[in-house]
Amino acid sequence: MHSYHLSAQAPTLDIPGAALGLAQRESDTPEPGPGQVLVRLRASALNYADLSFLAGHMPHAEGLIPLLDGAGEVAAVGPGVQRWQAGDRVIANPHQNWLAGELRPPNYGAVLGGMIDGTLRDYALVPETGLAATPEHLSDEEAAALSCAGLTAWNSIMGGPPHRRVCAPGESVLVQGTGGVALFLLQFAKLAGCRAIALTSTAEKAEFLRERGADAVINYRENSAWGDSVVELTGGRGVDLAVELGGPGTLPESIKAVRPGGRLALIGIVGGMGSVDYLHMIPIIHKALTLFANSMGSLADLENMLQAVSLHQLRPHIDRVFPFDEAPEAYRYFAGRGHIGKVVIRHD
Ligand SMILES: NC(=O)c1ccc[n+]([C@@H]2O[C@H](COP(=O)([O-])OP(=O)(O)OC[C@H]3O[C@@H](n4cnc5c(N)ncnc54)[C@H](OP(=O)(O)O)[C@@H]3O)[C@@H](O)[C@H]2O)c1
């Protein structure tokens, strides 16, 4: 079995802020035990979180196999496995212990590539309930691009855990950027019959977003008061849902952009860390906004999303695919922030 491990001993990757490098190792391929499945991983994908893990900010990072996203086929099953047989094509759920319902203490804590060994390896032993079936129309590279970013977008638009409100047809949604989560948000917002207002940093990316269904696009570099522009674009009303991917630098404008009684999904920090003046938060109270967060999703959420992906023949947008031996180069490319959509690693 071939795997990469985060390690302070390995050469760093010339990525700003990276304290750990990637060490390649070989070991014996494990045998599945009771209830376990041995998966031959054919592809994995990078997410913004993987750059934070490379910075070594989380405990127990040393020696951990990175990456949350992976897809491949079942190589062997252990005694008692009911759901799978050898040859089935599968996608790993990043939350290996979260099967359905709300995220609660017993199902929290087994996140691939963050808390337990991840997908940057050719074989992985997982519980049979850590996998969902790959839609037939998707390649392994496309399947690997779906889980972390796709689920986060799905649960922001389609409700996710029980009692969470679903975006209704005719509502408007604010989407930030052209990264992995953002492009899935755009796809799912359109699927839900919503109007999508998107932010991006260049004219080329604005065109790309329009071609993929964005109803209006604002350049956040040229227009730093974009929250006001979103309100204007919605006839003075504001969007029904803003999905906050930027973090402290974008939160005040997102709060402006949401209508009274609307919703704000707190998802990411891709614009960088910092603090927010509480004065900018006061409109949350005045406008009685509902704030919610997502941590990807459960196996049930993943299966619901994949059913919609199959029915509507949706595909993730893949920017570039790197071979397994060039995983460090994939990280460097992703850290360069020039990508649109997903950066994938193929495990031959
Ligand atoms: N809570 C969860 O479960 C969860 C799951 C997945 C991801 N996340 C978080 O969501 C965020 C996005 O993740 P990702 O993997 O999609 O990242 P990504 O692919 O690296 O996203 C990069 C894109 O973000 C956009 N961006 C950067 N600064 C921006 C700003 N100030 N305003 C608007 N857009 C900006 C840029 O779009 P343009 O190039 O178009 O300008 C850039 O291309 C990250 O913070 C990640 O940690 C959270």
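Visitor: How many charged residues does the lining of the largest pocket have?
Guide: This is a predicted model, where local features need pLDDT of at least 70, side-chain atom pairs count only at pLDDT 80 or more, and totals for chains, interfaces and linings use all residues. Numbering runs from 1 along each chain as its sequence is written, and side-chain values use heavy atoms, without hydrogens or water. Asp, Glu, Lys and Arg count as charged; Ala, Val, Leu, Ile, Met, Phe, Trp, Tyr, Cys and Pro as nonpolar; the others, Gly among them, as polar. The lining has 24 nonpolar and 21 polar residues, and its charged residues number four.

Visitor: How much space lies in the largest pocket?
Guide: On a 1 Å grid over the protein atoms alone, a pocket is an open set of points where a 1.4 Å probe fits, with protein on both sides within 12 Å along at least five of seven lines; lining residues have an atom within 4 Å of a point. Points join across faces, edges and corners, and the volume is the space filled by probe spheres set on them. Here that comes to about 1,400 Å³.

Visitor: Which residues are closest to the centre of the largest pocket?
Guide: The lining counts 49 residues. Closest to the centre are Tyr-48, Leu-245, Gly-268, Ile-269 and Val-270.

Visitor: Which element gives the largest share of that lining?
Guide: Helices (H or I, at least four residues) and strands (E, at least two) are DSSP runs, numbered from the N terminus. The largest share of the largest pocket's lining is four residues, and it comes from α1.

Visitor: Where does the largest pocket lie relative to the domains?
Guide: Domain bounds come from an automatic or database assignment. Both domains give residues to the lining, so the pocket lies between domain 1 (2-147 + 297-346) and domain 2 (161-293).

Visitor: How much space lies in the second largest pocket?
Guide: Its lining has 10 nonpolar, four polar and one charged residues. The space in the second largest pocket is about 310 Å³.

Visitor: Which residues are closest to the centre of the second largest pocket?
Guide: This pocket is lined by 15 residues. Closest to its centre are Pro-16, Tyr-48, Leu-51, Ser-52 and Ala-55.

Visitor: How far is a nitrogen atom of the ligand from a backbone N or O atom of Asn-294?
Guide: A polar contact pairs N or O atoms within 3.5 Å. An oxygen atom of the ligand is 2.5 Å from a side-chain N or O atom of Thr-200. For the nitrogen atom and the Asn-294 backbone, the distance is 2.6 Å.

How values were computed:
A polar contact is a pair of N or O atoms within 3.5 Å; within protein, one must be able to donate a hydrogen and the other to accept it, and residues adjacent in sequence count only if both atoms are side-chain atoms.
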